[in-house]
Amino acid sequence: MTHSVDRDQRGISKSAILRTGCAATSDDHDLPDVGGDADAVVAGRKPKPRQAIHRPSPRQGKTSSRDTIQPECHRNTTDSHRVAEVRQDGPDPAKVRQRQPLGSGGRSPPEVTVFFMSLLSARLIVFFASAAVLVIETLATRLLAPYIGVSLETFTGVIGTVLAGISVGSWMGGRLADRGDPSRLLGPIFILGGLTAMASPTIVTMVGPAFTGANPVSIVVITALAFFLPATVLSAINPVIVKIRLESLANTGEVVGSFSAVGTAGAIVGTFLTGFVLLATIPTRPVVLGIGVLLILTGVGFSIRRGRSVVGAILGTLILGGLLLTVTGPCEWETAYACARVEADPENESGRILWLDRLRHSYIDLEDPEVLEFRYIRDFAGVIEATSDPGAIDVLSIGGGGFTMPRYLSSIRPGTENTVLEIDDALIEIATTELGLETTEMTIITEDARTALRGLPDDSFDMIIGDAFSGTSVPWHLTTVEFAQQLDERLRDTGTYVLNIIDYGDLDLVRSVLATLEQVFTSVAVAAPPEYLAGSDGGNFVVIAGHQPIDTDALNQTLDAMASRSITITDDELDVFIADARPLTDDFAPVDQMIDRPEF
């Protein structure tokens, strides 16, 4: 039988390639240590001693060290990188491998030893890190709410800033992983990620008061100061793990795709767990503390495995954990929807003020429910007096807050049936324990108003009061033509809808709300101080709608009697005020973008 052995251009035989480990075959371990003279083994001759192969230098006609080709092999990976895998004497070659990426200049970095990590462990690490990023992102909106409010712009700023951190972190993690043993990075990344996560609430508390406006720039800046760094650091973990697990370019797509899927799954779980469970049961800061400690402990475990000191991590945890627990924010209660607190009125011993995020939402006199502190609440009362027959009436309140109006109407109109739609059940508890609410005096439905209306009978209310807010704006889905049509169906023919709107500047929002109600109701009016209507100032506008003519003279007299500075305009004056404002619909209601917010 004839044997033939092909050689490459430099004189290295295929059998030598098998010997140095470049091709994995069952014959690999059976070859003797023959160096480049494998043909002798094939032919049955005694092999010559191993020696280097020399090529004359084309420039000098002599042999140089740079032209000496050692008996090693290279396999192409990309156009710019090669990986040489050389078996060594000593440790088990199945456990220790040297990876030497060769740069375009032909120079290789120091030898690297990568420790073993199982596929399950790697996936759990990526899952946990990705979940942590989304937990922090979801908590960010709650931590920022007392300073920049809760709106579509807030969510947009937080999501965009965190995504930027994820992008930068993934890029940086990949670059660092290519510079050496990627396993050395896991401990420091987890520790730094945990420390920066724990620092974020303290940063928000310290810099938050400086952000007096809720414009897009302020939202992005304060979000970046507090949450960009933890998102960036933790997002570096995924490419590091991919580098550790990637042993061959033959399955690059499978490895990268699988870890991307695992990371996305972790992000989904982190989002759902935080939004549906944690925020409803645990205050924000303990959640941040818990996720930070878990991240740091994970990093400490990797650091100890590599024999590194963890004293700095422990000290950082103690310091930042202490700050997290001592530097508290303005919230007395953290509900699923707002940062709430109750303050006593220094000028009235029985007066209480309910704050939600940045705004005073309700004023309650514990001893006298007929005390109406806020001007717009007195406007509500004036509209009810001017448009309703004397005696008990059936009232639907959209938004409870401190339940000022239901208690006022129960006192001034005994026998009034109050139905209140309040989405935040924690506010009901606060109003009961802190503001003296007697829930037996009314029917309270804990549900979103849009969905709750479907369960209420038609033609059942004399008055509907709209006073639901998310930050400084009415939730957009409670401002549209479609929602107004739902309200119209629940109102009796002589009924009235009265709505509180906050707006400033060019008054785009209040004008569009008025244009919206004109699509549904026969009569529409607005009550506000003259300077508000002129656009020189802003604040609370009370919008009135129904199917009966609105007597503005009688209403203005009633408002004067209620010690309100508001005047009422309707008909031609209202048309001039509305001008070319566009009605809001379920397809187009950019409420958060339309409102001009005040500087607090």
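A residue counts as buried under 20% relative accessible area, as exposed over 50%, and as partly exposed in between. In this predicted model, K243 has a relative accessible area of 29%, so K243 is partly exposed. The side chain of K243 forms a salt bridge with that of D178, at 3.0 Å from N to O. K243 belongs to helix α7, whereas D178 sits in the loop between α4 and α5; the pair therefore ties together parts that are 65 residues apart in sequence.

The structure holds 13 salt bridges. One of them joins the side chains of D357 and R142, at 3.7 Å from N to O. This pair links distant parts of the chain, 215 residues apart: D357 lies in the loop between β5 and β6, and R142 in helix α3. Both D357 and R142 are buried. Another salt bridge pairs E489 with R490 at 2.9 Å. Here E489 is partly exposed, at 42%, but R490 is buried, at 6%. Shared partners also join D394, D462 and R492 into one salt-bridge network.

Four strands form an open antiparallel sheet, in the order β3-β4-β5-β6. Strands β3 and β6 stand at the edges with a single partner strand each, so one side of each has no neighbour in the sheet. Five bridges join β4 to β5.

On the surface, a patch of negative charge gathers E518, D571, D572, E573 and D575. Helix α19 (residues 571-578) gives the largest share, four residues. D575 lies in this helix. Its relative accessibility is 42%, so D575 counts as partly exposed.

How values were computed: Residues numbered from 1 in each chain as written. Predicted model: local features only at pLDDT ≥ 70, side-chain atom pairs only at ≥ 80, totals over all residues. Heavy atoms only, no water. Patch = residues over 30% accessible without salt bridge, like charges linked within 9 Å, V, L, I, M, F, W, Y side chains within 5 Å. Areas by Shrake-Rupley, 256 points an atom, 1.4 Å probe, with all protein chains shown as cover. Salt bridge = Lys/Arg side-chain N within 4 Å of Asp/Glu carboxyl O. Lys, Arg positive; Asp, Glu negative; His and termini not counted. Charge placed at Lys NZ, Arg CZ, Asp CG, Glu CD. Helix = DSSP H or I, 4+ residues; strand = E, 2+ residues; numbered from the N terminus. Buried < 20%, exposed > 50% of the residue type's maximum accessible area, 1.4 Å probe, protein only. Pairing = 2+ DSSP bridges.
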